[in-house]
4 protein chains.
Amino acid sequence: MPKLGMQPIRRRQLIDATIASIHEDGFAHTTISGISRRAGLSSGIVAHYFDDKAGLLEATMRKLAEDLRRQLVERLARAGSPEARLAAIIDANLADAQFTPEIMSAWLSFWGQVRHSPPLARIQRVYRQRMMSDLLHAAKLLLPPESARRLAAGMAAMIDGLWMQRALAGERAKPADARAVAHGYLAIQLAALAPPAANGAET
Amino acid sequence: MPKLGMQPIRRRQLIDATIASIHEDGFAHTTISGISRRAGLSSGIVAHYFDDKAGLLEATMRKLAEDLRRQLVERLARAGSPEARLAAIIDANLADAQFTPEIMSAWLSFWGQVRHSPPLARIQRVYRQRMMSDLLHAAKLLLPPESARRLAAGMAAMIDGLWMQRALAGERAKPADARAVAHGYLAIQLAALAPPAANGAET
Amino acid sequence: MPKLGMQPIRRRQLIDATIASIHEDGFAHTTISGISRRAGLSSGIVAHYFDDKAGLLEATMRKLAEDLRRQLVERLARAGSPEARLAAIIDANLADAQFTPEIMSAWLSFWGQVRHSPPLARIQRVYRQRMMSDLLHAAKLLLPPESARRLAAGMAAMIDGLWMQRALAGERAKPADARAVAHGYLAIQLAALAPPAANGAET
Amino acid sequence: MPKLGMQPIRRRQLIDATIASIHEDGFAHTTISGISRRAGLSSGIVAHYFDDKAGLLEATMRKLAEDLRRQLVERLARAGSPEARLAAIIDANLADAQFTPEIMSAWLSFWGQVRHSPPLARIQRVYRQRMMSDLLHAAKLLLPPESARRLAAGMAAMIDGLWMQRALAGERAKPADARAVAHGYLAIQLAALAPPAANGAET
DNA sequence: TATGAATGAGGATTCATTCAT
DNA sequence: AATGAATGAATCCTCATTCAT
């Protein structure tokens with residue numbers, strides 16, 4: 001009895017099981033049989049819904065990127081000022097949800113593959129470009145073009161660096177700390193890079 | 001043929017071949033036979049000098065960390081002031097040598113393993129702690145403890161983030177750009193965090 | 001092709017091929033690929049049904065012990081007296097089926113492993129204990145406890161020794177000879193160990 | 001400096017190390033490097049003194065057989081009567097020295113190979129034939145030919161069976177018990193098989 | 001839609017053997 | 001006489017993929 005509409009359910013089950021497996025078994029020991037067992041399904045199911053293992057891994061990374069993007073878009077929608085938009089980008093990328101062990105293991109593993117997997121590289125590139133675009137757009141409302149570019153580049157690096165240090169440390173990270181450092185960085189940079197005109201007004 | 005003194009030569013050959021293989025074939029497709037073929041040796045040689053594949057990978061990551069550490073120590077030795085020491089840390093971690101395709105592939109791959117390989121995690125942790133210690137020590141000569149800690153954390157994150165963005169991008173990165181952003185960050189942070197007393201003196 | 005009920009068939013095929021390989025190639029040269037080739041199956045099938053080579057070897061030895069035990073139980077079921085039960089134990093352990101070249105090679109090989117393989121040791125121990133228990137039980141119906149113990153120990157040794165000499169000889173053994181020696185031994189021992197009361201009656 | 005007369009010393013060292021390795025690592029895990037390491041020598045030495053691994057194993061089994069034969073010959077030399085010669089054969093084959101864990105592991109392992117190694121089979125056959133010859137010779141001084149043959153066959157089986165049960169059991173065996181059973185068997189058999197003439201004398 | 005039996009290629013590992021010194 | 005570096009064949013195991021049902 002071919003149940004209708006199983007596809008999204010099954011895909012979701014398998015993607016979740018993949019993330020769990022990458023975390024628990026490690027990327028190198030993540031196997032189709034391990035994933036399907038975890039999902040309570042048979043091993044053949046992967047070919048059915050994702051063609052092959054590469055397809056499942058790609059879908060998994062895409063899901064991570066989409067979840068993150070969704071969070072970011074929601075926060076941006078609620079942000080009322082350019083400053084708030086920049087803060088939202090920090091808060092989305094360094095949200096608690098990005099620091100769960102499963103998510104950290106998964107992202108770190110995928111990054112380790114990116115240089116040798118064009119499909120994964122593409123997902124990574126698209127997400128990155130969108131975030132840079134958001135950053136730059138907001139920054140340009142506050143700073144001259146060159147300064148805006150510097151701020152965007154600096155913020156992106158800072159966000160990535162903060163996340164990665166915690167992901168590598170393997171300990172229970174405190175996301176709030178990371179966000180605080182990033183917000184502090186943003187404040188200082190904005191103040192330092194703010195147009196002279198604004199500075200002069202203060203005097 | 002028990003030629004004496006072959007050990008360091010063979011180990012070096014195999015480690016170099018491992019780095020080359022990770023870059024060219026990808027970490028997942030890096031095999032003992034591929035490595036040994038690249039080194040012009042037989043596959044059994046790996047067991048002879050490193051026990052097993054894990055031992056070779058561990059030695060390879062250690063070599064990367066040691067090379068980097070050596071560069072850092074050399075630059076620190078030539079630095080005459082705390083500010084110069086902080087700059088040296090930037091320059092070592094973001095040196096041109098850290099942006100060759102081989103080195104980027106290798107580090108990124110190892111980072112992808114760190115959460116599931118205690119030996120690799122240890123290498124990573126030791127290097128990281130030393131760098132943080134260097135950063136903190138220099139920062140404390142310029143700033144009050146709390147500010148020094150913030151600066152050190154921020155700089156470490158900025159350095160990692162800048163490096164990683166370029167490693168992930170896969171394009172031919174411009175190390176000098178990364179260094180410039182980092183030095184800019186350092187300058188602004190130092191100015192912003194400098195003790196009020198010093199600021200007041202300037203006025 | 002998930003044909004149902006293949007498991008017992010496949011397991012049997014592989015176990016039979018293992019016995020054949022031990023006989024023809026020798027235990028040391030018995031390989032998974034040799035076994036599976038003989039069974040007309042692929043090498044991966046062993047992992048599928050027995051996890052690994054050790055599992056297959058264990059199952060093979062267990063099958064030998066179970067076949068032997070089954071023979072013994074059948075003969076015991078048909079034995080009407082204690083004497084007949086003792087004779088049945090001889091006839092089962094020294095049955096023609098125990099002297100085929102394949103069976104002799106297999107048992108001898110497994111015995112050579114027993115001291116270094118706990119799972120094989122366990123199979124061996126369980127079979128041995130059951131046989132000793134059967135022997136002792138029958139002997140106690142005929143003799144005083146101490147004599148019964150001696151008879152049981154002696155018979156077990158005699159049976160093992162007779163079998164093993166022929167297994168080691170490598171020639172075409174005559175099972176009937178072995179059984180005759182064992183039955184002769186049993187008769188003499190019973191007569192010699194019989195309770196004095198019975199002896200006294202004769203005088 | 002080619003030391004003279006090293007050959008017997010080295011051969012002995014390697015044979016002893018082989019026995020130790022068979023006991024501790026198991027026959028299947030007995031390797032040339034393991035043996036030579038245990039002997040405090042290099043792995044190449046085996047080729048030097050025994051050509052190859054098979055040669056070393058053969059020499060090792062031969063040594064076991066020769067030690068046993070030597071014990072037997074010594075005891076026979078001290079035996080003053082046919083009965084004493086039969087007892088000596090029991091005592092030599094079931095001497096304490098034959099029940100050390102190392103010796104039991106080694107014999108059992110070699111027996112497991114005998115059916116697939118002509119050289120080992122030959123050593124085994126020669127020892128066995130000599131012992132049978134000794135048994136038969138002594139028995140014929142006491143019994144008519146047919147009875148002598150039966151006694152010899154029975155004694156050989158009994159001796160082998162008693163030894164093997166203990167070797168298989170893996171526990172700490174009590175050699176004295178085995179010898180007592182064998183001597184008991186001998187006594188009963190001699191009494192039962194003794195020529196009628198002798199019997200008549202008793203009446 | 002879903003299963004899981006079966007395959008067979010791929011790869012890490014082990015190890016006897018060779019041989020220059 | 002002795003070493004131990006180096007080889008490469010052999011083998012076990014893993015696992016993605018296929019496919020009949």
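**Ground rules.** I call two residues in contact if their C-beta atoms, placed from the backbone, lie within 7 Å. I am working with a predicted model, in which local features need pLDDT of at least 70, side-chain atom pairs count only at pLDDT 80 or more, and totals for chains, interfaces and linings use all residues. Residues are numbered from 1 along each chain as its sequence is written, while chains are lettered from A and ligands numbered from 1 in the order in which they are written.

**Entry 1: the fold of chain A.** I counted 10 helices and zero strands in chain A, taking helices (H or I, at least four residues) and strands (E, at least two) as DSSP runs numbered from the N terminus. Read from the N terminus, the order is α-α-α-α-α-α-α-α-α-α. I get about 75 × 35 × 30 Å for the C-alpha trace of chain A along its principal axes. Of the 203 residues in chain A, 37% are buried (20 or more other C-beta atoms within 10 Å of the residue's own, with C-beta atoms placed from the backbone). I also looked at contacts in chain A between residues at least 6 apart in sequence: 62% of them join residues at least 24 apart.

**Entry 2: α7 against α8.** How do α7(A) and α8(A) pack? I find an angle of about 140° between helix α7 (residues 118-140) and helix α8 (residues 145-169) of chain A, with their axes 8 Å apart. Here axes are lines fitted to C-alpha atoms, for helices over the stretch in contact, and angles run from 0 to 180 degrees between N-to-C directions. Angles under 35 degrees count as roughly parallel, over 145 as roughly antiparallel, 65 to 115 as roughly perpendicular and the rest as oblique, and α7(A) and α8(A) are therefore oblique to each other. On the α7(A) side I noted A:Met131, A:Leu135 and A:Ala139 among the residues that meet α8(A), whose own set includes A:Ala148, A:Ala152 and A:Met155.

**Entry 3: chain A with chain B.** The contact takes 33 residues from chain A and 33 residues from chain B. α8(A) gives the largest share of the chain A side, 13 residues. Why do I say the copies meet through the same surface? Because 100% of the interface residues of chain A are also interface residues in chain B.

**Entry 4: chain D with chain C.** A rotation of 180° with 0.0 Å of shift along its axis superposes chain D on chain C, RMSD 0.1 Å. I log that as the relation of a two-fold axis. D:Gly161 comes closest to the rotation axis of the residues of chain D, at 1.9 Å (C-alpha). The copies meet through the same surface, because 100% of the interface residues of chain D are also interface residues in chain C.

**Entry 5: across the pairs.** I found no contact between chain A and chain C, whose closest C-alpha atoms lie 12 Å apart. Chain A and chain D do not touch either, and their nearest C-alpha atoms are 28 Å apart.

Notes:
Buried ≥ 20, exposed ≤ 12 C-beta atoms within 10 Å, placed from the backbone. Least-squares fit on C-alpha atoms with pLDDT ≥ 70 in both.
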